[in-house]
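Me: I am new to this structure and would like to go through it step by step. Could you take my questions as they come?

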Amino acid sequence: MINLWNSLIDLIVPRVCAICGNRLAGPEQAICAACNRHLPRTDHVLTPLDNLLCRLYWKQIPIGKAAAWFYYSAGSPAGRAIYALKYHHQADIGRLLGEMMAREFRAEGFFEGIELLVPVPLTRGRQRQRGYNQSLLIAEGVSHITGIPIADKALRRVHFDGSQTQNDIEARRQNVKNAFQLRHPEHVKGRHLLLIDDVVTTGATTLSCAKELAKAGEVTVSVLSLGFVRP
Ligand SMILES: [Zn+2]
């Protein structure tokens with residue numbers, strides 16, 4: 001019955017690949033099998049304790065493990081999926097991509113030891129404007145596959161993040177330096193946390209979150225993102 005219903009919906013509003021725009025086949029979700037095959041995977045997950053993403057944090061803060069799913073650049077095929085998620089109100093894509101990434105990473109044991117998922121928060125204004133927080137959607141997808149709970153009230157974003165695409169790296173660093181506040185240290189104290197973002201560029205945003213989370217005491221912070229901008 002549910003399958004029939006889905007087929008009917010598909011007739012009325014065809015589900016299409018977020019990258020190439022072709023219609024999705026029955027079992028495909030968010031992106032088609034061909035685009036999935038061609039996703040430029042970073043393979044961070046194979047060396048989660050030492051890779052280019054980990055190294056963004058090394059001199060700044062102790063980091064557990066870190067991995068991004070694919071290399072990201074604006075306008076690239078993989079970039080189109082992120083763009084759809086952030087600017088085309090395609091909230092479902094966030095959960096579905098989170099699930100796909102989580103299935104692959106679970107197979108490599110990436111989630112072993114992780115106790116809580118912490119999505120990078122948006123300011124209230126930005127969240128209202130967009131209608132959702134894309135990092136929370138990704139976290140929901142990951143949680144659905146791994147069963148790891150989400151602590152989305154632990155951090156709050158206090159500074160408006162501006163239009164990050166237009167700022168240079170230094171301005172961006174300053175912008176996010178004090179952008180987050182730890183609200184509920186008791187939610188995260190003593191736990192192994194997995195910070196989740198959609199794209200990591202300089203690492204400044206996740207670094208700022210990690211420093212704030214560390215104030216709760218005895219935490220290990222790891223990082224997960226869909227996209228990673230090749231340095
Ligand atoms: Zn496709």
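Me: Which residue is the bridge partner of Tyr71 in β6?
Reply: The bridge partner of Tyr71 in β6 is Phe228. Strands here are DSSP runs of E with at least two residues, helices are runs of H or I with at least four, and both are numbered from the N terminus. This is a predicted model, in which local features need pLDDT of at least 70 and side-chain atom pairs count only at pLDDT 80 or more, while totals for chains, interfaces and linings use all residues. Residues are numbered from 1 along each chain as its sequence is written, and side-chain values use heavy atoms, with hydrogens and water left out.

Me: And what stands opposite Ala67?
Reply: Leu224 in β6 stands opposite Ala67. β1 and β6 (residues 220-228) pair in the parallel sense over five bridges; two strands count as paired if DSSP finds at least two bridges between them.

Me: How many bridges join β5 and β6?
Reply: β5 and β6 pair over eight bridges, in the parallel sense. Val200 stands opposite Phe228 of β6.

Me: What is the strand order in the open sheet?
Reply: The open sheet has four strands in the order β1-β6-β5-β2, with parallel pairing. Its edge strands are β1 (66-71) and β2 (116-119), each of which pairs on one side only. From one strand to the next, the twist averages 20 degrees.

Me: How many residues of β6 are buried?
Reply: Eight of the nine residues of β6 are buried, where buried means under 20% relative accessible area, exposed over 50% and partly exposed in between (1.4 Å probe, protein chains only). In β1, six of its six residues are buried.

Me: Is Ser222 buried or exposed?
Reply: Ser222 is buried, with a relative accessible area of 0%, and its place is in strand β6. A polar atom of the Ser222 side chain lies 2.8 Å from the backbone nitrogen of Lys65. Not counting residues up to four places away in sequence, Ser222 touches several residues, including Gly64, Lys65, Ile114 and His192; contact means heavy atoms within 4.5 Å.

Me: Turning to helices, which strands does α7 lie across?
Reply: Helix α7 (residues 134-146) lies across β2, β5 (192-200) and β6, running at about 125 degrees to β5. Axes are lines fitted to C-alpha atoms, for helices over the stretch in contact, and angles run from 0 to 180 degrees between N-to-C directions. Helix α5 (residues 91-107) lies across β1 and β6, at about 120 degrees to β1.

Me: Why is α7 described as largely enclosed?
Reply: α7 is largely enclosed by the rest of the structure because 10 of its 13 residues are buried. Among the buried ones are Leu136, Leu137 and Ile138. The elements covering the buried residues include α4 (77-87), α5, β2, α6 (124-130), β5 and β6.

Me: What is found at the ends of α7?
Reply: Asn133 caps the N-terminal end of α7, with a side-chain oxygen 2.9 Å from the backbone nitrogen of Ser135. After α7 comes Gly147, whose phi is positive, near 80 degrees.

Me: One last topic: how many disulfides are found?
Reply: A search of the whole structure finds zero disulfides, a disulfide being a pair of cysteine sulfur atoms within 2.5 Å. Cys32 is buried, with a relative accessible area of 9%, and Cys35 is buried at 14%.

Notes
A polar contact is a pair of N or O atoms within 3.5 Å; within protein, one must be able to donate a hydrogen and the other to accept it, and residues adjacent in sequence count only if both atoms are side-chain atoms.
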